[in-house]
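Trainee: Could we go through this chain together? I would like to start with its core and then turn to its helices.

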Amino acid sequence: MVEAKVRTELAQVIGFAGPADAPQILADRRAQRLENQMRLGSPITDPAGWLIGRGLPQIRLCAEPRCDDGTLLGSGRDCPRCEDRQADSRATTGSRPPSTPRCPEPRRPSVGRPPTGNCTRP
Ligand SMILES: [Zn+2]
């Protein structure tokens, strides 16, 4: 079961990185996942299940087919699309323009009082 998963993942990595580097990349990936698991997660009670579900599969965070958890398979560099996405989220959460206050809805239309203030109508 685990062996079949290793073969599948290895074949995929070979497609990106070539047969020479693929085993090392897969081993590094597993080591990295294990490290994350130890740091953030709970102890692994089912090693085979963990390997199949978490330790071995590629984790694509964006539309880039070589993206593996924010790193490009083959080159080992940071995934540019993930970087773009992080920059985007920083930009949108960083400086948001102040929201314009909305006028309260008039209860009765046209009673002769024009809207006052700097608010905008939706
Ligand atoms: Zn990515």
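Mentor: Happy to! A nonpolar core is a set of buried Ala, Val, Leu, Ile, Met, Phe, Trp, Tyr and Cys residues joined through C-beta atoms within 7 Å. Keep in mind that this is a predicted model.

Trainee: Which residues make up the largest nonpolar core?

Mentor: Buried residues make up 11% of the 122 residues in the chain. The largest nonpolar core has six residues in all: Val13, Ala17, Ala22, Ile25, Leu26 and Leu73.

Trainee: Which element gives the most to this core?

Mentor: H1 and H2 are the elements that give two or more residues to the core. The top contribution, three residues, comes from H2.

Trainee: Leaving aside neighbours within four places in sequence, which residues is Ile25 in contact with?

Mentor: Ile25 is itself a member of the largest nonpolar core. With those neighbours set aside, its contacts are Val13, Ala17 and Leu73.

Trainee: Is H1 parallel, perpendicular or oblique to H2?

Mentor: Helix H1 (residues 2–17) packs against helix H2 (residues 22–40) at about 120 degrees, with the axes 9 Å apart. Roughly perpendicular covers 65 to 115 degrees and roughly antiparallel begins over 145. That angle therefore makes H1, relative to H2, oblique.

Trainee: How many residues of the contact of H1 with H2 are charged?

Mentor: On the H1 side, the contact is made by Glu9, Leu10, Val13, Ile14 and Ala17, and on the H2 side by Ala22, Pro23, Ile25 and Leu26. Eight of these residues are nonpolar and none is polar, and the number charged is one.

Notes
Residues are numbered from 1 along each chain as its sequence is written. This is a predicted model: local features need pLDDT of at least 70, side-chain atom pairs count only at pLDDT 80 or more; totals for chains, interfaces and linings use all residues. Axes are lines fitted to C-alpha atoms, for helices over the stretch in contact, and angles run from 0 to 180 degrees between N-to-C directions. Helices (H or I, at least four residues) and strands (E, at least two) are DSSP runs, numbered from the N terminus. Angles under 35 degrees count as roughly parallel, over 145 as roughly antiparallel, 65 to 115 as roughly perpendicular and the rest as oblique. Two residues are in contact if their C-beta atoms, placed from the backbone, lie within 7 Å. Ala, Val, Leu, Ile, Met, Phe, Trp, Tyr, Cys and Pro count as nonpolar, Asp, Glu, Lys and Arg as charged, and the others, Gly among them, as polar. A residue is buried if 20 or more other C-beta atoms lie within 10 Å of its own, exposed if 12 or fewer, and partly exposed in between; C-beta atoms are placed from the backbone.
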